[in-house]
Amino acid sequence: MPTNLSARLCTLALSLFLIAFALPAFAGPFEDAVAKFANDEFSDTEEAIGVVASSGSPLAFPIISALQDGRLMADPDTKKVYVTGTDGKSIDAATGQPVASVPDSASAVRLNNRLRRSVDAALGSLTLQSPDLATRLQAAQSVFKSHEETALEPVESALAKETNKSVKTALGEARAAILLYMSDATEVQKLEAVATIKARGDQDALALLTGIGTDQPASVTKAAASAIGSIQNTLAVWSTVQNAWYGLSLGSVLLLAAIGLAITFGVMGVINMAHGEMVMIGAYTTFVVQEVIRTRYPGLFDYSLLIAVPLAFLVAGAVGVLIERSIIRFLYGRPLETLLATWGLSLVLQQAVRTVFGPTNREVGNPSWMSGAFELGQITITYNRLWILVFTLAVFAILLAMLRYTALGLEMRAVTQNRRMAASMGIATSRVDALTFGLGSGIAGIAGVALSQIDNVSPNLGQSYIIDSFMVVVFGGVGNLWGTLVGAFTLGIANKFLEPVAGAVLGKIAILVLIILFIQKRPRGLFALKGRAVEA
Amino acid sequence: MLTKSTHDIAASFSRRGVLAATAGLMLGLASLTGAKAADDTIKVGVLHSLSGTMAISETTLKDTILFLIDEQNKKGGVLGKKLEAVVVDPASNWPLFAEKARELITKDKVAVVFGCWTSVSRKSVLPVFKELNNILFYPVQYEGEESERNVFYTGAAPNQQAIPAVDYLMKEEKVKRWVLAGTDYVYPRTTNKILEAYLKSKGVAQEDIMINYTPFGHSDWQTIVADIKKFGSAGKKTAVVSTINGDANVPFYKELGNQGIKAKDIPVVAFSVGEEELAGIDTKPLVGHLAAWNYFESIKTPANEKFIKEWQAYTKNPKRTTNDPMEAHVIGFNMWVKAVEKVKSIDPDKVIDALPGIEAPNLTGGVSKMLPNHHITKPVFIGEIKGNGQFDVVWKTPSLVPGDAWSKELDGSKDLIGDWVEKKCGNFNVKTNKCLGSGS
């Protein structure tokens, strides 16, 4: 103990002496490396990561993981480096001794992308034997990506001890990746590695096999080429599945945006150019709900969308009823005037929102259950798109049931089919008109809640959907909800299969041309309503 | 005052022919008295969209000029006169830009105009500024290939943003494969043409370049992000150079984040994404993606900290962000003030001749200089997106980069220079020693 103390006193004196020269020369290479974190130079940080990771010191893991999370603090004046723990306690990174507090002059060590990759690689080999299953799996994946020779030994020792099947596979793949790129691996080892990577069969595997270079034995190059071919074939099949999924997803967005219009335009025959602004109002309602939740009840954030849906319906629906009562009811049967009036109204609404909320985008967050993605075979399905598809179908089903089984639905259909007859049967047609318009607007508001998850919440939100919505309704057949459904999904899928071939711009043009041609042939859309329904 | 005169015009249109003539006479008188009133103030035109699609970006620039005029007036104005802003709203409507510019110059008699964002709006007002001989300060990074006598370009030319960014990716990230993704209009198309030529001159093969254009406001990025992922799995380090504009960025970055494309695998460097655009998204999944600009709010210099403090006090919003085009306006405004004070006149001809050579400090610690080609010298920074929506500068050019009006990478323009001091020409061919003349 006394020797330890005197040694430390000695170091203290030495460091006091050295501060004058700003030369942080401590005892060993590990301490030297740690001090380099304080230089705020990316090249020094990279060197330090390498030395620390391979030092075998028990401090290596806390230091590197703190670096990754931005918890590694360095003081540029004293060249001291600290690790702040997640519990708020801090230690001196060079010695591991606890410190009372990190000085204010210290700031987090900065990273760039190159360093983030080194950190990942270093953490990968350090956490291969972590007790946590997910961490081990992630570690194996990052070793697979970085495939550095130094990681071979840790991978092999981890592989020997591993019991979990999926981690074992991942480790095997990581080992194969390292061997494939190692210059002194034998031909047999490399051939085995190619086979293992081929079995993995995803885009990462493809990347690895394509990048092996030309300095390999001929048999390995040949095996790799055939593996690349077979992976590409499988991926081509999957890419068709992927396009179909993207088409469904785009179709669901189109359907959601158009479904309200299918009621106001399709059922009532009102050319409502302000439909997009109802969507926008729904999106801004979501924003307001989230703002209130963020400031008052942060725990409820994951439920914000569920709260926003009924509110958006009410707000947009009320605005819709107001518009119908104050403007549209005077313009029935005069489509041109309606078009101009609602278009003007859309500009007024946009500018009103711009004045109240400002012209810039507003942040609407994704609840945790709507962020991220999962892999299904070789395609990535994002949760937000999946939930929107489910939500759209639910809205569609509810709306259909409402029109079919409720009194209001019956009245609506009656008024649409024959206004005068309905009136003489005692239905208050003007009340039904207002409610129908309110319903269409309210559903547009609900669409706004969902669209706020994938698009900008800005005053221009509505504009980008209005043309697509009209296209869907006209294509599907005016006055028919099923037509809207089929129309939206047809357009979505056609668009997504055209896009990879023709590009996004040409794809969109091609779709428009196809619709124009289609309308020439069938002016009333896919599913034309028969009989006297379309009066005007 | 402005609304009143607009009302006058509207009224004059509604009257019949004979009366309209009288009204026109009255208007003429009104503008005469207006000219008289201009004796005690100098009018500065602000031509930025306050409504429509571009309002998201341009409204801030209008506020910036109002703020700068306010500050200048506190210091006593210019030439002993107060500055007075004349704000008009061209409503993101390109032909309206030309109309409003004409109104500013002929009716309001402004001494200078600060305005425009998109290249098409600039092109739309060019003939007006030429015809009526006035001055436009254009603050946005653009595709280059232009040098006009009446326009001063304070934003970045491609060699002050795109080329250094690509150099950074090549050197620092060892990128070998490139996706050039942009919105389908003139700025991305020209920039990508320049970049493609530059990359090929650096030995990048055709099959390692993927070019992709999307419509304005594109919101369904699933296919393109999946394509980028696929393109990136060819065993070579891949990066995306994004000239995606405006609103389309938010869904693009959201899709990147959701599909799990991390900056350390495929970094995206953007030329049109700044602090304002990031305000609409959760940036945690985007940490490490890059942007190339000549200014970042997070740069710690005394000048920048002072500017941010005063700006937030002026707007009464402690969270109000600052961005690159704002800094361009700050530099441009200060240059104009210096030039006016140098020649002691607001006469456009004199000011235009005085501006080249004028220096003004930028907010990041250097001194920018107006060049004979009407572009300025600027530093170039590469910033990484941080979790809080700000940028962390990871690289910068060692010195200020002079802006090239004509790209050296394109066959059509590599022999051209703009020089309004000696050659009095915006497109002088140094090979043939001839000025190609107007008509850009």
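To begin with the overall form, what radius of gyration does chain A have, when a compact globule of 536 residues would have one near 24 Å? Then, for the close look, in what order do the strands of the open five-stranded sheet of chain A run?

A: The model is predicted. Chain A has a radius of gyration of 32 Å, whereas a compact globule of 536 residues would have one near 24 Å. Along the principal axes, the C-alpha atoms of chain A fill a box of roughly 105 × 60 × 40 Å. Of the 536 residues in chain A, 43% are buried. Among contacts in chain A between residues at least 6 apart in sequence, 68% join residues at least 24 apart. The chain contains 21 helices and seven strands.

Now to the sheet. Its five strands run in the order E4-E3-E2-E1-E5 in chain A, and the pairing is antiparallel. At the edges are strand E4 (98-99) and strand E5 (107-108) of chain A, each with a single partner strand, so one side of each has no neighbour in the sheet. Strands of a sheet pair through backbone hydrogen bonds, either parallel or antiparallel.

The pairings can be taken one at a time. Strand E1 (residues 72-75) and strand E2 (residues 80-84) of chain A are joined by four bridges in the antiparallel sense. Within this pair, Ala74(A) is opposite Val81(A) of E2(A). E1(A) and E2(A) form a hairpin with four residues between the strands, and there Lys79(A) has a positive phi near 60 degrees. E1(A) also pairs with E5(A), again in the antiparallel sense, over two bridges. In that pairing Met73(A) has Ala108(A) of E5(A) as its bridge partner. One of the residues involved is Ser90(A), whose bridge partner in E4(A) is Val99(A).

Helix H9 (residues 187-200) and helix H11 (residues 218-267) of chain A pack at an angle of about 5 degrees, and their axes are 10 Å apart. H9(A) and H11(A) are therefore roughly parallel to each other. On the H9(A) side the contact includes Leu191(A), Val194(A) and Ile197(A), and on the H11(A) side it includes Ala223(A), Ala224(A), Ala227(A) and Ile231(A). By class, this contact has eight nonpolar, two polar and three charged residues.

The surroundings include chain B. In chain B, 46 residues are in contact with 46 residues of chain A. Elements of chain B that each supply at least two residues to this side include helix H3 (55-74), helix H8 (222-231) and strand E15 (391-396). H8(B) gives the most, with seven residues. The chain B side divides into 14 nonpolar, 17 polar and 15 charged residues.

One residue of chain B has contacts in both chains. Gly288(B) is in the loop between helix H10 (275-278) and strand E10 (290-293) of chain B. Gly288(B) is buried, as 22 other C-beta atoms are within 10 Å. Leaving aside neighbours within four places in sequence, Gly288(B) is in contact with Asn113(A) and Arg116(A) of chain A, and its contacts in chain B include Ala263(B), Pro267(B) and Ile385(B).

How values were computed:
Residues numbered from 1 in each chain as written. Chains lettered and ligands numbered in written order. Predicted model: local features only at pLDDT ≥ 70, side-chain atom pairs only at ≥ 80, totals over all residues. Contact = placed C-beta atoms within 7 Å. Nonpolar A, V, L, I, M, F, W, Y, C, P; charged D, E, K, R; others polar. Pairing = 2+ DSSP bridges. Axes fitted to C-alpha atoms, helices over the stretch in contact; angles between N-to-C directions. Parallel < 35°, antiparallel > 145°, perpendicular 65-115°, else oblique. Rg over C-alpha atoms; globule rule 2.2 N^0.38 Å. Buried ≥ 20, exposed ≤ 12 C-beta atoms within 10 Å, placed from the backbone.
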